[in-house]
Amino acid sequence: MDPGDPTGEPAAGDSAGGECVPMGRDPLLFLQTLQTLWCTRELGQGSPGLKQLQARAVKLLAESPPGLVEPLVSIFQLQDTDRSPLLAHVHRLHQEGKFKEAIMLGTKLRLQADLDVEKMCIPLLLQDKADLVERYVDGFPDLQRRLLALMDSWCQPGFDIRVVARRYPQMTLRLERLSPRALGRQVLRLLEQHGLDPALCPNVITQQRLAALRYLCYKRLVERSVSRESWAEHVQGLVGQDQWLQEQLLQLLASHDDAALVAQCALDLLLPEERFPASVAAELRQLRIQERTAEAPLEDGKDDYYQLPIPREQLCFLASWEDLARHQDELLQPGRVVGMDLEWRPSFGAGGRPRASLMQVAVEGRVFLLDLPRLSSPAGGQAPQAFSRLVSRLLADPSITKLGYGMAGDLRSLGASCPALAQAEKQLQGSVDLLQVHRQMRAADRPAPGVDGATGPRGLSLLVQQVLGKPLDKMQQLSNWDRRPLDEGQLVYAAADAYCLLEVYWALCREPARFHLSGDLTRSLRLGRGERAGAGELPPLQKASASPQQVPTGEDAAPEVPARAFRVVCDSMLQGLARSLRRLGIDVLVLATGEDHRRAAEVARQEGRIILTSGLPYHKLRAQVGAGRCLSVDCSLKARQQATAVIRHFNVRVTHSDIFSRCQACNCHQYLKVSKDVMKQLVWLSGHPEGPSGTGDEAAQIEDEQETGSAPEEAPGGCTYEPSCRWLEEEDLQSRMPATLGNGTRLQLSGVPAGVLRRPGLRHFYCCTGCGKVFWEGSHLGRVAENFREVLEGVPGSREPSRAPSPAGSLS
């Protein structure tokens, strides 16, 4: 016994039986001895004996292996003892470079409030041990805020993390994980996880807004897939009064080479012209003088996209429980197929996905648009109860086939917006997720030519193009879906997003083999994702007899693709082939003379094009783009024969309305229609009152491989050339002498013969907005149709049975 210990407890080096156990030699045995003493003497909380044992256990921490730390803390309740020796021990570990052990001990002993959070966390962050840091600040809001402020300070422009790292030369660091982008993602996740104010992290939020600005400028300036109004609204909301972001926006705009489009953006944002290059400033002044705020020309061409096939009056906006009750029977009719989709306002800031704003439910012949903000609040009200009951019944009824694209994500968003539908995903029965179908189609490794490039349509839009021939118009995708009332463009966009699901599904059911699917679409899905117990069975798919032209001719037959969806890039040796394909409405880019062949592979990958080449480059190019996306063309054939071979190889569907829908010279597919009287006036003003000699018909006698100035008049079967392009208006002309369009294109009026202007019965001229070439009605359509009768749809003796000619397609 220790005579100086009034409690009669054994000394730190004594066992319960009086046998000496040196504390530093066998800490595990000493720990077992102390635990025995704890159990036999039943020392109570706060007793002098317990305090002495706790003090001695703290001393033991310095000599204990890491595995004993947690038992010591637990057995002797060290978190409740005097904190001073504990803090001293943590500091000692930190000084010795044992940063992980120090922060783990501080966490177990709950010492965070008495330790410097930056000092404890910085070494662990540099070693990519963020999980230990997050555990360290868990439950301490003030420490969480200080940690986020520290991490945010590392994201400020110009900050060099290596300056901090030099303070820890003995450590193995993982600085690659501390780039501003990676660190910013961690900060945003922690902000949302802890529910903290984003104002704590101004640098990360600014970087996030800059990334959103770059994305929006890409969507507007490169993809041209967002409307002016939506773009300007989002950009103004992101930039606000932030001077640095304003400067970044100006740099993003000034770096783009389309002066006219940049000027339009600057006008929409009221930006000063002196901050732009001279070419943009000139365009901006011209826009202001003429007070023209029309969309850029490339935003025309609505006919190039999927069109809602039902009348506008069949779009029903439901915003009350009375509306739901009125249409409930139609929405819940057993045995029907419905397409479902959601829209929400885009969010470019911290805080996670925003609440859903609109739910679309499409049935055959009608689309219901459900106003979620009105139907989901106030919680417990009559409208939310009616809405949640209706949606629950719709989802749970296995006789109603529910269609969606990425349904799980939509249902999670729906549950987040309407708590009563939090279990919507589990209620779902009798569904077909067309995203899974799309994956099955792509897994077949049979690429659809010209539709899946980096800048082409993606997701549902790509599926719609592959199945129905035209992509979705996504110009309204980033619009403000919280706005009420929704404008006409938003209503039509939302309805098309849901109704296209029905049309895709029906097409897949009619021709599953064409898309490399099983005749039982449900089975095709299960083969891809495995059988799920309890899943609701779908009703049998409708059977439909496919017409001969819709059935693949063999196991390896490519799926049919419309001419206007087929996109190729040719090398410079195939100029004649390029013109022939353009005559048939096919999108063709041609490499410049002397341009490296590798450029074709780059364009093909970026834009989803097929490569047409000849000779030695073929094998190198095919290796860069994959099987099925590069074709070697026989140069011994004439251009017309080459075009026919390409069309047959890729199973391209060409109709009368495709002929001359693209300019043979520049590949542009936008035209302006001009009356004969206006054309006479323009020719006279341009200084060519007589024009070149000859007539359009005479010029049209040139061989197919050469340029021609006449557009055709009539083809076999009575199909006339009458595209529904826009009439030339006064505001379309930047100048009348010489005639110049608003985009800077000068009309090639010298190519219009005087005889054509005097021809009786001639009604219209068509001006290419890309190069200014002028076309007119002539006899060339008949010759082109005759030359390509073997591959042209609807011509007697062609590859397909004759049918009534389709309406002429839009050229704009």
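Okay, ground rules before we start. What we have is a predicted model, where local features need pLDDT of at least 70 and side-chain atom pairs count only at pLDDT 80 or more, while totals for chains, interfaces and linings use all residues. Residues are numbered from 1 along each chain as its sequence is written, and side-chain values use heavy atoms, with hydrogens and water left out.

Let's begin with strand E4, residues 366-371. Six of the six residues in E4 are buried. By buried I mean under 20% relative accessible area; exposed is over 50%, and partly exposed is in between, using a 1.4 Å probe and protein chains only.

Strand E1, residues 315-318, runs parallel to E4 over four bridges, and Leu315 stands opposite Val367. Strand E3, residues 356-363, is antiparallel to E4 over six bridges, and there Ala362 has Val367 as its bridge partner. The hairpin of E3 and E4 has two residues between the strands, and Gly365 takes a positive phi near 90 degrees.

Next up, helix H11. H11 covers residues 202-222, and its 21 residues should span 30 Å at 1.5 Å a residue; the end C-alpha atoms are 29 Å apart, which agrees. That expected span is 1.5 Å times one less than the number of residues. Several H11 residues are buried, among them Val204, Leu213 and Arg220. The cover includes helices H8, H10, H12, H13 and H14. Just past the end of H11, Arg224 takes a positive phi of about 55 degrees.

Last one: Gln490, in helix H23, residues 488-510. Is Gln490 buried or exposed? Buried, with a relative accessible area of 0%. What does its side chain do in there? The side chain of Gln490 makes polar contacts with the side chains of Ser479 at 3.0 Å and Arg483 at 3.1 Å. A polar contact is a pair of N or O atoms within 3.5 Å; within protein, one must be able to donate a hydrogen and the other to accept it, and residues adjacent in sequence count only if both atoms are side-chain atoms.

Technical notes
Pairing = 2+ DSSP bridges. Contact = heavy atoms within 4.5 Å.
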